[in-house]
Amino acid sequence: MASFNSNDSNSVFDNETDSAPTSSIPSGVIPTTADSRAKRRIAALEDELERMRQERGTKQRKTTYFVAQGRAIRRLVALYTSLDELIAKNDRRYDELPEESTLTEDRLQRGYIELLRVLPWLHTNLGDFDHEDCVDMLKKLKKGADAARGDDTSCLKDLVAAWVNQDFRPSPLIRPDDKHSRGFASDICGKLLCPSEWDWTQDRVKAGIRDRTIKYIVSENSWPLFLYENYAVNCDNLEEGLLKSKLLVLAFKAIFTSPSSAKEAEGDGDGADIIENNRRARRRSDQPKVKTCVASIINMKKVTPRSIAYVACQVRFALSSVSSWRTVDGDFDYESFWNNIVDFFEDVPGPITSRRVEKLLEWWTR
């Protein structure tokens with residue numbers, strides 16, 4: 001019979017244990033080597049790292065998506081009103097169901113409806129996301145909205161100067177890098193900014209506007225001359241030619257198609273094929289592929305009242321001497337100016353006016 005050696009009981013583990021004394025191993029634990037434990041820890045850490053990478057990638061994709069989608073908000077929905085204000089107004093209106101509402105309340109509600117038309121997924125997300133995710137989403141949308149507005153302002157600063165110099169040949173020329181020489185200090189910019197009911201060529205009008213006398217206060221309640229076709233107004237019919245100027249069409253194309261496409265617009269915009277140009281994506285065979293136009297990126301199908309109002313505010317700012325974006329310039333309130341243009345289209349008093357507005361939008365989209 002083979003003899004039994006008491007040391008043989010541990011021999012089966014000799015190849016699986018490290019140098020730790022047997023007395024240090026807890027009862028019931030199967031000994032393992034340091035290498036095998038380290039490998040398993042490394043594998044677990046690698047799995048955790050991969051999971052974190054995937055989560056970070058998902059978060060980054062969401063951030064990129066929300067920021068990109070937000071670039072449509074200032075251009076197509078509301079230039080100044082915050083998303084929080086639009087959402088809160090819709091909630092209050094649903095809770096209270098008022099029989100009557102003010103003009104301001106109606107504006108906010110129309111703004112929320114337009115917001116959902118532009119971002120149709122937003123309403124569902126607001127209902128499905130928890131509060132923290134909603135706040136984060138709205139923050140990213142606002143980031144994209146403000147960035148787009150800033151990009152357009154910077155772009156038009158140079159372009160508007162070039163267009164004015166080309167069409168009017170002022171002396172001295174408008175400098176693209178200088179805003180202080182614009183506004184009412186400039187004879188040509190002053191003419192374009194002048195309320196349409198006044199004659200800028202009259203010295204008393206120029207002096208009154210520049211001195212900000214009570215009789216010649218320039219406010220958002222008058223249509224400036226740069227909005228009119230051929231920069232001329234029929235004082236007996238202030239709607240004739242309104243919002244048909246070449247400057248507006250050029251700026252619209254520069255923002256929603258591309259700065260280079262603005263060169264294609266001739267005359268004062270009629271038949272400029274603003275949206276059709278976006279669909280065609282025309283380019284010569286020997287040219288490199290151009291990037292997708294803004295209108296396609298933000299899923300813009302047609303010219304809208306709010307997009308026209310946005311462009312009008314941008315052009316007005318580009319013609320002014322103000323160097324940084326703001327709501328109020330002297331006695332002129334940009335937010336009210338934007339509201340006035342939107343109301344011109346959306347708050348029409350009757351069928352005759354409604355038809356005139358429809359024809360104007362057809363003119364823009366044809």
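Is F168 buried, partly exposed or exposed? At 26% relative accessibility, F168 counts as partly exposed (buried means under 20% relative accessible area, exposed over 50%, partly exposed in between, with a 1.4 Å probe and protein chains only). Please keep in mind that this is a predicted model, where local features need pLDDT of at least 70 and side-chain atom pairs count only at pLDDT 80 or more, while totals for chains, interfaces and linings use all residues. Residues are numbered from 1 along each chain as its sequence is written, and side-chain values use heavy atoms, with hydrogens and water left out.

**Aromatic pairs**

- The whole structure contains 17 aromatic pairs (rings of Phe, Tyr and Trp, the last by its six-membered ring, with centres within 6.5 Å; planes under 30 degrees apart count as stacked, over 60 as edge-to-face and the rest as tilted).
- One of them is the tilted pair of F66 and W121, at 5.6 Å centre to centre with 35° between the planes.
- This pair links distant parts of the chain, 55 residues apart: F66 belongs to helix α1 (residues 34–70), and W121 to the loop between α4 (103–118) and α5 (122–128) (helices, H or I with at least four residues, are DSSP runs numbered from the N terminus).
- Both F66 and W121 are buried.
- F168 and Y231 also form a tilted pair, with 5.5 Å centre to centre and 55° between the planes.
- Because F168 lies in helix α6 (residues 131–168) and Y231 in the loop between α8 (203–211) and α9 (246–256), their pair ties together parts that are 63 residues apart in sequence.
- Y231 is buried, at a relative accessible area of 12%.

**An aromatic cluster and its charged neighbours**

- Y80, F317, W325, F332, Y334 and F337 make up one aromatic cluster.
- The charged end of K179 sits over the F317 ring, 4.2 Å from its centre (NZ of Lys or CZ of Arg within 6 Å of the ring centre and within 35 degrees of the ring normal).
- R316 lies over the face of F332, 3.8 Å from the ring centre.

**Nonpolar core**

- The largest nonpolar core has 84 residues, and L141, L227, L243 and L319 have the most contacts inside it (a core is a set of buried Ala, Val, Leu, Ile, Met, Phe, Trp, Tyr and Cys residues joined through side-chain atoms within 4.5 Å).
- Leaving aside neighbours within four places in sequence, L319 is in contact with residues including V160, V164, R182 and F226 (heavy atoms within 4.5 Å).

**Helix α6**

- A kink of about 30° in α6 is centred on L156 (the angle between axes fitted to the seven residues ending there and the seven starting there).
- Just after α6, R169 has a positive phi of about 50°.

Technical notes:
Helix = DSSP H or I, 4+ residues; strand = E, 2+ residues; numbered from the N terminus.
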